[in-house]
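Work through each one with the structure open before reading its solution.

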Amino acid sequence: MWRILLPVDSELLAALAEPNRLRIVELLGVSPRPVGEIATRLGLRQPQVTKHLQTLERAGLVEVHPLGRRRICALRRERLRELR
C-alpha cells in the first residue's frame, strides 16, 4: 500500500534533533513550566535553556508567557501532531 508523504518542516525536525531540546519538549508535554524549573530538572544553566527555548519557539513548538518576573513555557501540541 502506498502512502502519500506530506512535506515536513525542516526547522521543526532540526529543533527536535538536539537531545536537550527533545528533553524540554518531553517535560513540557507533562505540564507548562517556568524556565528555571526546566533548567533545574535537566541540570542545565538557565541561559542554555533559554537558548534552546528560543529555537523551539521559532519552530512553533513552544509558547513562552510572562508571569510576573517568571516566564512560563508551554508546549504547542498541534505542531507535534504535524509529524504524524
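**Exercise 1.** Find which residues of α1 meet which residues of α2, and classify the contact.

*Solution.* A14, A15, L16 and A17 in α1 meet P19, R21, L22 and V25 in α2, where contact means heavy atoms within 4.5 Å. By class, this contact of α1 with α2 has 7 nonpolar, no polar and 1 charged residues. Ala, Val, Leu, Ile, Met, Phe, Trp, Tyr, Cys and Pro count as nonpolar, Asp, Glu, Lys and Arg as charged, and the others, Gly among them, as polar.

The model is predicted: local features need pLDDT of at least 70, side-chain atom pairs count only at pLDDT 80 or more, and totals for chains, interfaces and linings use all residues. Residues are numbered from 1 along each chain as its sequence is written, and side-chain values use heavy atoms, with hydrogens and water left out.

**Exercise 2.** Determine how α1 and α2 are oriented to each other.

*Solution.* Take α1 as residues 10–17 and α2 as residues 19–30; helices (H or I, at least four residues) and strands (E, at least two) are DSSP runs, numbered from the N terminus. Their axes lie 5 Å apart, at an angle of about 95 degrees. Axes are lines fitted to C-alpha atoms, for helices over the stretch in contact, and angles run from 0 to 180 degrees between N-to-C directions. The two helices are therefore roughly perpendicular, the term for angles of 65 to 115 degrees.

**Exercise 3.** Which residues of α1 are buried, and what do they pack against?

*Solution.* L12, A15 and L16 are buried, that is, under 20% relative accessible area, with exposed meaning over 50% and partly exposed in between (1.4 Å probe, protein chains only). They cover an arc of only 90 degrees around the axis, which puts them on the same side of α1; the arc is that of the directions from the helix axis to the C-beta atoms. These buried residues pack against α2, α4 (46–58) and α5 (77–81). The face of α1 turned away from them carries the exposed residues S10 and A17.

**Exercise 4.** Is H52 buried or exposed?

*Solution.* H52 belongs to α4. Its relative accessibility is 13%, so H52 counts as buried. Leaving aside neighbours within four places in sequence, H52 contacts E18, N20, R21 and I24.

Terms used. Parallel < 35°, antiparallel > 145°, perpendicular 65-115°, else oblique.
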